[in-house]
Amino acid sequence: MSQEPEELDAIIIGTGQAGKPLATALADAGQETAILERRHVGGSCINYGCTPTKTMVASARVAHLARRAANFGVRTGEIEVDLKRVRERKRSIVESFRDSGREDLEETEGCELIFGHGRFLEKETVEVELGAGGRRILRAPWIFVNTGTRPARPPIDGLDEVPTLDNTTIMELGRVPEHLLIVGGGYVGAEFGQMFRRFGAHVTVVQRGDRLLPGEDEDVAAAVREFLEEDGIEVLLGSEASAVSGEDGALRLRVSSSEGSRTVSGSHLLLAAGRRPNTDDLGLEKVGAEVDERGFLRVNDRLETTAPGIFALGDVKGGPAFTHVSYDDFRVVRTNLLEAGSATIGDRIVPYTVFLDPQLGRVGMTEREAGESGREIRVAKLPMSRVARALEVDETRGFMKAVVDAETDRILGCAILGIEGGEVMAVLQTAMMGNLAYTAIRDGVFAHPTLAESLNNLFATLD
């Protein structure tokens, strides 16, 4: 090693929603810390995920509500979407969040933000290929990997010969596509499909499996498909994209199913068929940090990799890929390393919200998972058409569903597919955190008229 390493207490590779707060916490605790970032501070959430997509979802919902104005007795003219203005609003919010995060790191004493790509050279040693040129060698007993994931490219013949979009580049379009083809019917494909349909594009979703959102219960997936089709989206289930070609701005996607093959034509192609971890250029083999068959770092319940002193946080370790999970990873590491605690990821309750319209708020076990666990369960279900607040605002699509342990009356999980489903789900998550019986929610006094009040009626269905 020709260059003498710079000695530190901690090195963090990546400024995502675990890396950034960990850097400031370590520095505040007196640990000399360097945090590395290849491009933008904030990770996928701020730059490519939650912040930009949900900002654009809000614009799509306004367009949708404007077209429905007559339902509320309001007259409007023809609705037009200025995608450049939508993009400008999105960029402004992203840059604000990104700049704020960068300033926090740069102003933290004992923390150095370094722009460049880090990879392991040997135990406790990281080489940084600086973005501005040159390199630095850093050494520390604690090293944390928070490098996230990137879009996967499915094996489709001809894919490298045609222009494609991913979840990042599609948000940089300045004009609404004429016909958007989407490969993948998971959360990303469903959100972008509905968004761009509401912007005015024709949309076709090609899903390899037999239903959308494959991790959800069948009734949830079926309802989401129904909503997308009501919005005018073509959904092709049990269909695999096998080949693509194009010329003169037109794409032709070959799709195979049990019914045979067909060609779907469109103007743009969005790949939304999963993510792959950013572990292939980290030099992990030099320090003995193992990855699984998909490339995700293997960790124990304390987020330690198989290499001593190296931890993995956020999406790069696999598991639920949510911002709040990444942030909780930070809390686990902070508790154990700085507070002499014994936190683990083994028993945490993981909620999430899919920002479709209506929203899907989920926490805990699905009905299928609860049934497979061997428990005796009871299922409470209430259509949104029986929720007073939903009727008042003309948002009656969807349903509420909760799974209850029949022996203990504890809530095992829920799916709230309806207006502000994520907010209503949080009420039941809080009850689960407090080990409340469902009867406490059934008999609780909630403000009228609110969506949360409908939880009284949801659990009354078990009487």
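## Strands β18 and β19

β18 pairs with strand β19 (residues 359-364) in the antiparallel sense, over four bridges. Strands are DSSP runs of E, at least two residues long, and helices are runs of H or I of at least four, both numbered from the N terminus. Two strands pair if DSSP finds at least two bridges between them. Thr 353 has Gly 361 in β19 as its bridge partner.

This is a predicted model, where local features need pLDDT of at least 70, side-chain atom pairs count only at pLDDT 80 or more, and totals for chains, interfaces and linings use all residues. Residues are numbered from 1 along each chain as its sequence is written, and side-chain values use heavy atoms, without hydrogens or water.

## The sheet

Five strands form an open sheet in the order β18-β19-β22-β21-β20, with antiparallel pairing. β18 (351-354) and β20 (377-383) are the edges; each has a single partner strand, so one side of each lacks a neighbour in the sheet. From one strand to the next, the twist averages 10°.

Helix α10 (residues 421-433) packs on the sheet. The helix touches β18, β19, β21 (399-405) and β22 (411-418), where contact means heavy atoms within 4.5 Å. The direction of α10 makes about 170° with that of β22. Angles run from 0 to 180 degrees between N-to-C directions, and axes are lines fitted to C-alpha atoms, for helices over the stretch in contact.

## Helices α3 and α5

Helix α3 (residues 50-67) packs against helix α5 (residues 187-199) at about 45°, with axes 8 Å apart. Residues in this contact include Met 56 and Val 57 in α3, and Phe 192 and Met 195 in α5.
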